[in-house]
Structure formats: C-alpha cells, structure tokens
Amino acid sequence: MRENPDFPVPEFPRKRQGLVREELQESDDVIFIDNASGSNFAMNRMAAIILELCDGAHTPEAIASIISESVPKSDPEQVASDTAAILSEFSAYGLIDGDG
C-alpha cells in the first residue's frame, strides 16, 4: 500500500468526531464539515465511503478489500494503493485518528 510516511495511518483508523457529512446537490462530491473549526473538506463519493469505513474496526487492508469487492472488475492492488494514499491524506488533514 502506498502510504506517505510523513502522515502515518493508524492500524484501525477512525473518522474524527465532529465531522458532519453534507451531500452536494447536482455533484458527485461530498463535503465533511468540522463543527469545531468550521473547516470543510470536499471529496469524491469513493473517498467519502472510505472515510465512513474508518470506524476503528477496519484496518486499511480491510477497507481496501471492501472497496475492491464493491467495484466490479477493479484491480485489488490498485484499490489498495489508492486507499492507502487517500488514508494518508485523511491523516495529513486530521480527518482520522486511532491507535496509530
């Protein structure tokens, strides 16, 4: 999995509390709003699904497996690499925490 070592991903990532999901009308994007700071984070629906799977019960590998199984004809290695990169971005932006 392609992870940025500057922003390690916890073994069991968990979406940070206080993030509220907002669906954008007429768009494939989703916004998560941080209630504490008022910041918002836009992402595509697949990234939003990955963030929602960060529940503290799934490893990054399990999240990638769930995504791969839900997308017909996907390449599991590519999904794992993309998932790792997205999780590193979430870590960089403080969207996930956990035991890491």
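1. Which residues of the largest nonpolar core touch the most other members? They are Phe32, Met43, Leu51, Leu87, Phe90, Leu95 and Ile96, out of 21 residues in that core. H1 (45–53) gives the largest share, five residues, and strand S3 (29–34), S4, helix H2 (60–70) and H3 are among the elements that supply at least two each. Such a core joins buried Ala, Val, Leu, Ile, Met, Phe, Trp, Tyr and Cys residues through side-chain atoms within 4.5 Å.

2. A word on the basis. This is a predicted model, with local features needing pLDDT of at least 70 and side-chain atom pairs pLDDT 80 or more, while totals for chains, interfaces and linings use all residues. Numbering starts from 1 along each chain, and side-chain values use heavy atoms, without hydrogens or water.

3. Do look at the largest pocket, about 180 Å³ in volume. (A pocket is an open set of points on a 1 Å grid where a 1.4 Å probe fits, with protein on both sides within 12 Å along at least five of seven lines; lining residues have an atom within 4 Å of a point.) Strand S4 (40–44) gives the most to the lining, four residues, and helix H3 (76–92) supplies at least two. The lining has eight nonpolar residues, one polar and one charged.

4. Leu95 lines this pocket. Beyond four places in sequence, Leu95 touches Phe41, Met43 and Phe90, among others (heavy atoms within 4.5 Å).

5. Ser91 lies in H3. Ser91 counts as buried because its relative accessible area is 18%, under the 20% limit (1.4 Å probe, protein chains only).

How values were computed: Points joined across faces, edges and corners; volume = space filled by probe spheres on them. Nonpolar A, V, L, I, M, F, W, Y, C, P; charged D, E, K, R; others polar. Buried < 20%, exposed > 50% of the residue type's maximum accessible area, 1.4 Å probe, protein only.
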